Amino acid sequence: MQIQKSFESREVGTLYIVPTPIGNLEDITYRALSILKSSHVIAAEDTRNTKKLLNYFDIHVPLISYHEYSEMTRDTEIVNRLQAGEQVAIVSDAGMPAISDPGSRIVAAAIAEDLPVVVLPGASAALCAVVGSGLDTNRFLFYGFLPRKKKERKHELEGLRKERATLIFYESPHRLKEMLFALSEVLGNRRIALARELTKKFEEYARGSVEEILHWVETTSLKGEFVVIVEGASDELIAEDEVSVWWKALSIEDHVEQLMEEDNISSKEAIKRVATERNLPKREVYQAYHIN
Ligand code: SAM
């Protein structure tokens, strides 16, 4: 167990997680600016990007790169700096570090060394989009980017089909159409919202059913960054899924027996049907029924 008193005076330095704007530079907070200014070093996902931001706010603090590939070696360097009493700020290219961005490893590494970690509140595309979607915000599940490969993406979505919470996805513009197809195929024609270019001049929301939005996406040339918000599973959908797999809780033997009894059919016929329903070889069902 570990207790962190974030602002208790200690010899070691603090690791600050500092969110940066997701488009509109006015979304930086006073506190973020003051922490960036007072840090000994700023670890950035892309130093060139962050340099522009720091120049804009007239901040001149040394930058180190904190790219995914160099995370491991950087972790050690950052932990050493914190142990030596330096204040280190972590920023990503936009929004909250560690949310579909690098950062979570250094947080874990600092915690493992009992170093204080302080997270500043600030811009994150996911939260703006879910609130602006008009969908339920009592419970939501942040997924981030779905896998690029069709099969893996479908598998992930299948795992989310019965999730009641509102779902939040990030997606790049050139994969948006195929992602919406996959949504409609696996999750059905639910209500969704696309939040595009949040906080920027061309900020736009498209709210409607998956099919309506797909049609809109197909007929509009869409650029920029997107968050896709999807309504959670309804009671009806969950009930429908349960009916279609009524045998789920049964063993293979019980499944065969129940079919024989309810539909008044032979064991041979029931074995055939169980094999089809469970997508199993007939031999396997036969063995489970006759041998067990
Ligand atoms: N850490 C960031 C955050 O807290 O939002 C997310 C970084 S992730 C690498 C980038 C993705 O976030 C984009 O592909 C897009 O899905 C979403 N995103 C970032 N900025 C956005 C914006 N202004 N409008 C809509 N989506 C945005």
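Visitor: So, which ligand atom does the polar side-chain atom of Glu-225 lie 3.3 Å from?
Guide: A nitrogen atom of the ligand. Keep in mind that this is a predicted model.

Visitor: How much of the ligand does the protein cover?
Guide: On its own the ligand has 570 Å² of accessible area, and the protein covers 90% of that.

Visitor: What about Asp-101, how far is its polar side-chain atom from a nitrogen atom of the ligand?
Guide: That distance is 2.9 Å. Ser-124 also has a polar side-chain atom by the ligand, 2.8 Å from an oxygen atom.

Visitor: Which residues come nearest to the ligand?
Guide: There are 19 residues around the ligand, and the nearest are Ile-99, Ser-124, Tyr-170, Leu-198 and Phe-226.

Visitor: And how does that shell split by class?
Guide: You get 11 nonpolar, 5 charged and 3 polar residues.

Visitor: Which pocket is the ligand's space?
Guide: The ligand takes up the largest pocket. Two elements each give two or more residues to the shell there: strand S7 (166–171) and strand S10 (226–230).

Visitor: Is Ser-100 buried, exposed or partly exposed?
Guide: Partly exposed, because its relative accessibility is 33%, which falls between the 20% and 50% cut-offs.

Visitor: Where does Asn-264 lie?
Guide: In the loop between helix H10 (252–263) and helix H11 (267–278). Asn-264 is another non-glycine residue with a positive phi, near 50°. It counts as exposed, because its relative accessibility is 69%.

Visitor: Now Gln-87. What does its side chain reach?
Guide: The backbone oxygen of Ile-35, at 3.2 Å. Gln-87 belongs to the loop between helix H3 (71–83) and strand S4 (88–91).

Visitor: Why does Gln-87 count as buried?
Guide: Because its relative accessibility is 16%, and buried means under 20%.

Visitor: Last one: where's Lys-154?
Guide: Lys-154 is in helix H6, residues 150–160. With 37% relative accessibility, Lys-154 counts as partly exposed.

Definitions and conventions. Residues are numbered from 1 along each chain as its sequence is written. This is a predicted model: local features need pLDDT of at least 70, side-chain atom pairs count only at pLDDT 80 or more; totals for chains, interfaces and linings use all residues. Side-chain values use heavy atoms; hydrogens and water are left out. A residue is near a molecule or strand if one of its heavy atoms lies within 4 Å of it. A polar contact is a pair of N or O atoms within 3.5 Å; within protein, one must be able to donate a hydrogen and the other to accept it, and residues adjacent in sequence count only if both atoms are side-chain atoms. Accessible areas come from the Shrake-Rupley method with a 1.4 Å probe; for residues, only the protein chains shown count as cover. On a 1 Å grid over the protein atoms alone, a cavity is a set of points where a 1.4 Å probe fits but cannot get out, and a pocket is an open set with protein on both sides within 12 Å along at least five of seven lines; lining residues have an atom within 4 Å of a point. A molecule sits in a cavity or pocket if more than half of its atoms lie within 2 Å of its grid points. Helices (H or I, at least four residues) and strands (E, at least two) are DSSP runs, numbered from the N terminus. Ala, Val, Leu, Ile, Met, Phe, Trp, Tyr, Cys and Pro count as nonpolar, Asp, Glu, Lys and Arg as charged, and the others, Gly among them, as polar. Buried means under 20% relative accessible area, exposed over 50%, partly exposed in between (1.4 Å probe, protein chains only).
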